[in-house]
Amino acid sequence: MAETVVPKIMKQGKVTPWLYLAPALIVMTIFIVYPMFNTIGLSLRDKSGTASAAVTCSEDGPCWGIFENYRYALTDEIDPSSPATIWQSFWASSYGNNIKWILLMVTGTVGLGLLVALLSDRVRYEALAKALIFMPMAISFVGAGVIWKFVYDYGTQQVQIGLLNSILTGLGGKPVAWLSTPGLNTLALILVGVWIWTGFCMTILSAALKSVPSEIIEASRVDGASEWRIFWQILVPIIMPTIVVVITTMVINVLKVFDIVYVMTGGNYGSEVIANRMYTEMYKNFHSGRGTAVAVVLIVAIVPFMIINIRRFREQEAMR
Amino acid sequence: MAQVTYEHVTKHWGDVVAVNDLNIEIADKEFLVFVGPSGCGKSTSLRLLAGLDDLTNGDIYIGDRLVNEIPPKDRDIAMVFQSYALYPHMSVYDNMAFGLKLRKLPKAEIDQRVRHAAQELGIEHLLDRKPKALSGGQRQRVAVGRAIVREPAVFLMDEPLSNLDAKLRVEARAMIQRLHHRLETTFIYVTHDQTEAMTMGSRIAVLKDGILQQVNTPQVLYDKPDNVFVAGFIGSPSMNFFDATMIQENGGAYADTGAFRVRAPESKRDAWMQTAGRRVILGVRPEDIHDPNYAPPGIRPLEVEALVDVRELMGNEVFLYLKSGNHDYIARVDPRTAAYVGNRIEVVFNAENMHLFDAETEQALR
């Protein structure tokens, strides 16, 4: 008599698998799922979270009812008096600044990271060069902010202790208020971000470049490709999946940027970003409704990039 | 179309000498095979010719042109790599067209060349596919196709068949030979497989430790190996070697192995005589050892007692692993042989087909 042997693990019924999952599910529920719903709930309520957000509406201004905090989060920084001012105020708002951060910091870190990865591959002191460029990753962002605050320091007295300004004055120029000039300060902050994150991009891109078989490069050389063409038509297309992952990862990082801005300018002089604004509303103005509304906006902005990243990851896993 | 010349070519990797004073002239339209064990410098020799590595010393000419300083793309060569090195992000068509596009050929001509080559290699239906969607044999043909559309003066092939299974390898071997006949171009081919070398090469260059051991036609390499290494490398199963002493007796020269004595063939008597009293190495090919019942006519038989250690039936022949005295050797005998493991039998050596080498220099004595 043939008897099908069912492995014991298959006989566990419907309850046992849930028992195995329970610890993880409980922890996730307490620390992620519940706070998420609570955040969304708070964002629809007033300053102290006791009444609907609708009660905070002013009588003469516009009102979005229960979504009043979102009206504040999305439009408060915008000056609606004319199309020109709408654009200007948007570009100077935390959203405009975050877009600048994304455009400049992502291209800066990925571009420089790729360049360094490519060039260091050809020198003998590769390990040293990479270690130096990776080193800022080991410094906390707050620490990096403090360091760069010194670099950008603008003394109102005659003596300039800031590295950049002492160089400028030493060369006979006038000192620049790097961190308190609107527009310029965001660029100065982005430079710090690039300084910190280039090493991360370089490391991942370098690993991808090294995984391209050398015979493919040699084949293209024999085929007649110049080094420039090899880079653009062979290397970049082959490592494109990795480049996309690095870009989306960096976009997520940059959308969340907080420490550098908080430490160096506190979001003043037009250098505000979304995450710092969330912090300000929550812990300086103690307006939990507005703070959580900004947080939800930030999450909604990040989600598409997370989806791209997870899809890419699954594709790579499927290829193995 | 071009001949290729290596003049005193040397390549060092740090302290390691990969290629040591290589001199070789490869005629136009020739099919030359570099063969040798791994690390012998055969691939390096090819890569130096391709311009993928820089030479330490010496000169390489393609045609009359000194190419030492000329980059790979301007050497008028095409290369097939062991891993095929197809561009993974391009379709088969684009893989084959890439080199032509870089040379700015008119679109119509590119298309015509690619389709013609694809047709010849039987890969027309694959032109839109990516390399990932191809089998090993198909990839190999695409790699060959990418080389032939370029219509180069010299084809370089670096172990192009070693990633194929045995059956495909035989087919691909024939395909490359047909290609060589049709294209009438110089082919330079690297392999570690002596069968590939023997079947494909119009001449074979045997390398060991970066030093050229012998270069000649397969037949000469097989019949008259210059040294012990070449003798052992060419032919399968390998030539058997017996340590022996050369003895002079009654006006004849005899190689004495302890287990048996063999008199010098008439044609080689003088050469053997000169080494009288010295240690020598006697080389006997497995096919020159026969079961006495099936020994071919016309040989000069030398009977030797042997113990059968292992018997391998190959179908059309039997390999006997034999022991005589303290010598182990292989015989390739008629499949009807009645010798089985454990039997004490008598085998017949063809005493006319003996190879003699100096025990110290390992050079052939002729």
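Author: Strand 16 (residues 301-313) of chain B is joined by 6 bridges to strand 17 (residues 318-324) of chain B, and the two run antiparallel. Strands here are DSSP runs of E with at least two residues, helices are runs of H or I with at least four, and both are numbered from the N terminus. Two strands count as paired if DSSP finds at least two bridges between them. Follow one bridge to see the pairing: Glu312(B) has Phe319(B) of strand 17 of chain B as its bridge partner.

Before we move on, please keep in mind that this is a predicted model, in which local features need pLDDT of at least 70 and side-chain atom pairs count only at pLDDT 80 or more, while totals for chains, interfaces and linings use all residues. Residues are numbered from 1 along each chain as its sequence is written, and chains are lettered from A and ligands numbered from 1 in the order in which they are written.

Our pair belongs to an open sheet of 5 strands in chain B, with the order 15-19-16-17-18 and antiparallel pairing. At its edges stand strand 15 (289-290) and strand 18 (327-333) of chain B; each has a single partner strand, so one side of each is left without a neighbour in the sheet. In general, strands of a sheet pair through backbone hydrogen bonds, either parallel or antiparallel.

Where does this part of chain B belong? The domain assignment, which is automatic or taken from a database, gives chain B a domain 1 (4-233) and a domain 2 (240-358). Taken over C-alpha atoms, the centres of these two domains of chain B are 39 Å apart. Between them, 4 residues of domain 1 of chain B are in contact with 5 residues of domain 2 of chain B, where contact means that the C-beta atoms, placed from the backbone, lie within 7 Å. On the side of domain 1 of chain B that touches domain 2 of chain B there are 3 nonpolar, 1 polar and no charged residues. In this scheme Ala, Val, Leu, Ile, Met, Phe, Trp, Tyr, Cys and Pro are nonpolar, Asp, Glu, Lys and Arg are charged, and the others, Gly among them, are polar.

Look next at Pro237(B), in the loop between helix 8 (228-233) and strand 11 (240-249) of chain B. The peptide bond that leads from Ser236(B) to Pro237(B) is cis, with omega near -5°.

For another pair of strands, turn to strand 1 (residues 4-13) and strand 2 (residues 16-26) of chain B, which pair in the antiparallel sense over 7 bridges. Here Tyr6(B) stands opposite Ile24(B) of strand 2 of chain B. These two strands of chain B form a hairpin with 2 residues between them, and Gly14(B) in the turn has a positive phi of about 60°. Strand 1 of chain B also pairs with strand 4 (residues 57-62) of chain B, again in the antiparallel sense, over 5 bridges; there Thr5(B) stands opposite Tyr61(B).

Tyr84(B) has a positive phi too, about 75°, although it is not a glycine. You will find Tyr84(B) in the loop between strand 6 and helix 2 of chain B.

What about the other chain? 17 residues of chain B are in contact with 13 residues of chain A. Strand 6 (77-80) and helix 2 (92-102) of chain B are the elements that give two or more residues to the side of chain B that touches chain A. That side of chain B has 12 nonpolar, 3 polar and 2 charged residues.

The axes of helix 8 (residues 184-210) and helix 10 (residues 227-255) of chain A come within 10 Å and cross at roughly 155°. That makes helix 8 of chain A roughly antiparallel to helix 10 of chain A. The axes are lines fitted to C-alpha atoms over the stretch in contact, with angles from 0 to 180 degrees between N-to-C directions; under 35 degrees counts as roughly parallel, over 145 as roughly antiparallel, 65 to 115 as roughly perpendicular and the rest as oblique. Residues that make the contact include Trp197(A) and Ile204(A) of helix 8 of chain A and Leu235(A) and Val246(A) of helix 10 of chain A. The residues of this contact between helix 8 and helix 10 of chain A divide into 10 nonpolar, 2 polar and no charged.

How values were computed. Two residues are in contact if their C-beta atoms, placed from the backbone, lie within 7 Å.
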